[in-house]
Amino acid sequence: MDKDVIRTEAAPAPFQGAPYNQAIRIGDLVFVAGQLGLRPGDASVEGDIEQQTEQVMTNLGSILEAAGSSLDRLVKTTVFLQDLGDFARMNEVYARFAGDQPPARSTVEVAALPSGALVEIEAVAHV
């Protein structure tokens with residue numbers, strides 16, 4: 001089975017030119033690389049946990065759309081938080097995007113994220 005590279009200008013390019021793609025589609029699944037709260041074309045992450053989560057979910061939606069999918073077709077996400085104390089605030093924003101049938105999800109606290117980000121989310125969706 002061939003894998004298709006997904007790339008859209010509506011979401012940030014791989015961070016600092018790192019060797020990965022925004023997403024890979026294989027069969028009926030699309031695997032989206034971890035997204036930070038970066039706006040397309042920006043080099044730094046700004047805002048509080050709510051603003052960053054909003055931008056992360058917007059980026060995920062744009063990439064999924066480019067892959068022929070959407071946020072309502074998410075099957076699994078992994079949320080990386082700089083501070084689990086931000087969980088409730090992140091979750092409030094996340095819930096608005098996750099829809100009536102949210103995906104399976106894991107949430108973990110990490111020591112650090114690129115560019116001082118507060119949140120990073122990776123995802124798997126059905127096409």
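**View 1. Glutamine 55 is buried, with a relative accessible area of 10%.** Buried means under 20% relative accessible area, with a 1.4 Å probe and protein chains only. The model is predicted: local features need pLDDT of at least 70, side-chain atom pairs count only at pLDDT 80 or more, and totals for chains, interfaces and linings use all residues. Residues are numbered from 1 along each chain as its sequence is written, and side-chain values use heavy atoms, without hydrogens or water. Glutamine 55 sits in helix 1, residues 49–66. Helices are DSSP runs of H or I, at least four residues; strands are E runs of at least two; both are numbered from the N terminus. Beyond neighbours within four places in sequence, glutamine 55 contacts Gly37, Leu38, Arg39 and Pro40. Contact means heavy atoms within 4.5 Å.

**View 2. Isoleucine 6 belongs to strand 1, residues 3–6.** Isoleucine 6 is buried, at 8% relative accessibility. Residues up to four places away aside, its contacts include Val30, Ile63 and Ala67. Its C-alpha atom is 16 Å from that of arginine 73, 67 residues along the chain.

**View 3. The largest nonpolar core has 24 residues.** Such a core is a set of buried Ala, Val, Leu, Ile, Met, Phe, Trp, Tyr and Cys residues joined through side-chain atoms within 4.5 Å. Val30, Val32, Leu60, Val119 and Ile121 have the most contacts inside this core. Helix 1 gives the most to this core, six residues.

**View 4. Isoleucine 121 contacts Val56, Leu60 and Tyr94, among others, leaving aside neighbours within four places in sequence.**

Definitions and conventions:
Buried < 20%, exposed > 50% of the residue type's maximum accessible area, 1.4 Å probe, protein only.
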